Amino acid sequence: MSKLKISEDWTSTIVGWFIILLVVFQLKPHWPSFSWPNADVLMNKVFTLDNVGHALIVFCFMFLMALIAGLLTGKKLKMIAASFPVVFFLTLLAMVVGGNKFLKDWGFETVIFSLLIGLFISNIFSIPKWLKESLSSELFVKIGLVLLGTTVLFDDLLKAGALGLIQSCVVVFTVWNFCFWLCRKMKIDKEMSLMLSSAVSICGVSAAVATAGAIKGDKTKLSYVVSLVLVVAVPMILIMPGLAKLMGLPEDMAGAWIGGTIDTTGAVAATGAIYGEVALQTSTIVKFSQNVLLGVAAFLISIYWSYSKKEVAEEKPTLKVIWLRFPKFVLGFVAASLIFSFFVAPEVVSDAKPILKNIQGMWFALAFMSIGLETDFKSLITSENRRSTYAFLGAQAFNVVFTLLVAWILFGLIA
């Protein structure tokens with residue numbers, strides 16, 4: 001009897017949609033709390049027996065999904081049974097660190113701590129061969145991306161209104177193309193160029209992860225881009241409200257500027273709140289409307305990459321060839337976005353969305369822990385990565401100036 005084995009792309013789509021259906025039909029594990037502003041809350045809320053019990057239930061749920069994914073891809077289940085608990089409980093540690101209110105307010109997401117803890121362990125200690133060989137970072141990323149589709153809703157475009165929608169489309173298109181052009185001028189390879197362009201123009205970490213999944217990008221490059229996005233967001237939280245006040249921008253214009261330039265949703269909310277309530281609302285809606293464009297961008301990037309790869313160039317680029325190389329999980333992601341936007345009752349969406357977002361975040365955190373555990377830190381320090389940093393900073397500077405101009409035209413001259 002032949003062993004069951006299907007591709008990682010289809011497996012991530014199947015498992016992702018299985019999770020979506022379970023949650024929609026009311027199977028919702030009680031999510032543990034990781035948020036703590038001080039040591040007292042950490043000890044009396046996060047580390048309580050009740051909260052630890054919730055974490056164990058989530059572990060059982062995620063472990064079962066990982067086993068199903070392993071079964072579908074033909075992996076040895078005993079390898080997953082040995083490695084997944086290690087990765088999961090290290091990831092829990094990262095989520096506790098990332099749950100600190102001060103760090104969250106500064107835009108540091110859990111994935112950066114997952115990556116850093118994984119890098120620290122793999123570069124200080126010797127990782128057992130059985131653990132390294134059984135890590136599934138790409139599969140975890142793709143499952144998370146399918147679930148991400150349920151939170152990328154086209155309703156957010158409508159909430160942004162005509163001006164917010166125009167700004168999002170113009171900014172994403174222009175900044176993406178400028179960054180890609182700049183990267184290619186600086187002789188940065190196409191993989192890194194695509195990841196950097198999506199990260200700086202759309203929604204930071206999620207866009208970089210989605211692009212890397214769509215093009216089967218190098219995990220070390222993705223790690224670097226994610227780190228770059230989160231580090232650059234920190235000074236922007238401080239600088240942009242001050243600049244907006246110095247220029248005397250009204251709150252809606254300042255919010256549109258902030259939402260269109262800062263690359264992480266958490267940092268956008270924190271920065272908008274510093275400026276005012278209207279700025280917070282406008283910046284959040286503009287950022288959400290940019291997030292929606294991630295689905296469109298991922299789909300187009302997948303087609304472009306499938307068509308332009310060297311292997312395709314050696315063959316006649318027929319639709320069949322493109323389909324064979326097209327990352328199928330993108331279809332699961334886009335389908336989730338469209339179905340949750342237009343075909344699922346709003347009350348069901350609002351009920352299911354928070355838990356699906358938590359599960360999606362957990363898959364991403366597991367993926368970056370795995371990436372950290374299998375990455376040699378020295379591989380992050382390369383001359384190309386230095387060029388990538390300069391390209392990212394150049395594109396972000398262009399983004400800041402161009403988005404300010406667009407926000408001034410739309411919310412100052414037209415509104």
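Which helix does T91 lie in? Select T91 and see: T91 lies in helix α4, residues 77-98. Helices here are DSSP runs of H or I with at least four residues, numbered from the N terminus.

Before going on, note that this is a predicted model, where local features need pLDDT of at least 70, side-chain atom pairs count only at pLDDT 80 or more, and totals for chains, interfaces and linings use all residues. Residues are numbered from 1 along each chain as its sequence is written, and side-chain values use heavy atoms, with hydrogens and water left out.

**Stop 1: T91 and its contacts**

Stay on T91. Its relative accessible area is 0%, so T91 is buried. Buried means under 20% relative accessible area, exposed means over 50%, and partly exposed lies in between (1.4 Å probe, protein chains only). Now select S114, M362, A365, L366 and M369. T91 is in contact with these residues, leaving aside neighbours within four places in sequence. Contact means heavy atoms within 4.5 Å.

**Stop 2: helix α6**

Select residues 110-124, which form helix α6. This helix has 15 residues. From first C-alpha to last, α6 reaches 21 Å, close to the 21 Å expected at 1.5 Å a residue. The expected span is 1.5 Å times one less than the number of residues.

Colour the buried residues of α6, among them V111, F113, S114 and L119. What covers the buried residues of α6? The cover includes α4, α5 (101-105), α11 (205-215), α12 (219-247) and α19 (346-373).

**Stop 3**

Go to α11. Eleven of its eleven residues are buried. They include V205, A210 and I215.

Step just past α11 to K216. K216 sits in the loop between α11 and α12. Its phi is near 55 degrees, a positive value in a residue other than glycine. Most residues other than glycine have a negative phi. K216 has a relative accessible area of 45%, so K216 is partly exposed.

**Stop 4: Q26**

Select Q26, in the loop between α1 (8-24) and α2 (39-46). Phi of Q26 is also positive, near 80 degrees. Is Q26 buried or exposed? Q26 is exposed, because its relative accessible area is 54%.

**Stop 5**

Select I57 in helix α3, residues 49-73. I57 counts as partly exposed, because its relative accessibility is 46%.

Next, pick I339 in helix α18, residues 329-342. Its relative accessibility is 31%, so I339 counts as partly exposed. I339 touches W17 and V344, not counting residues up to four places away in sequence.

**Stop 6: helix α15**

Select residues 277-308, helix α15. Its 32 residues should span 46 Å at 1.5 Å a residue, and its end C-alpha atoms are 46 Å apart, so the two values agree. Find G295, where α15 bends by about 25 degrees. The bend is the angle between axes fitted to the seven residues ending there and the seven starting there.

**Stop 7: α13 against α20**

Finish with helix α13 (251-261) and helix α20 (383-414). They pack at an angle of about 145 degrees, with axes 9 Å apart. Axes are lines fitted to C-alpha atoms, for helices over the stretch in contact, and angles run from 0 to 180 degrees between N-to-C directions. Residues making the contact include M253 and W257 of α13, and V400 and F411 of α20.

Key: Helix = DSSP H or I, 4+ residues; strand = E, 2+ residues; numbered from the N terminus.
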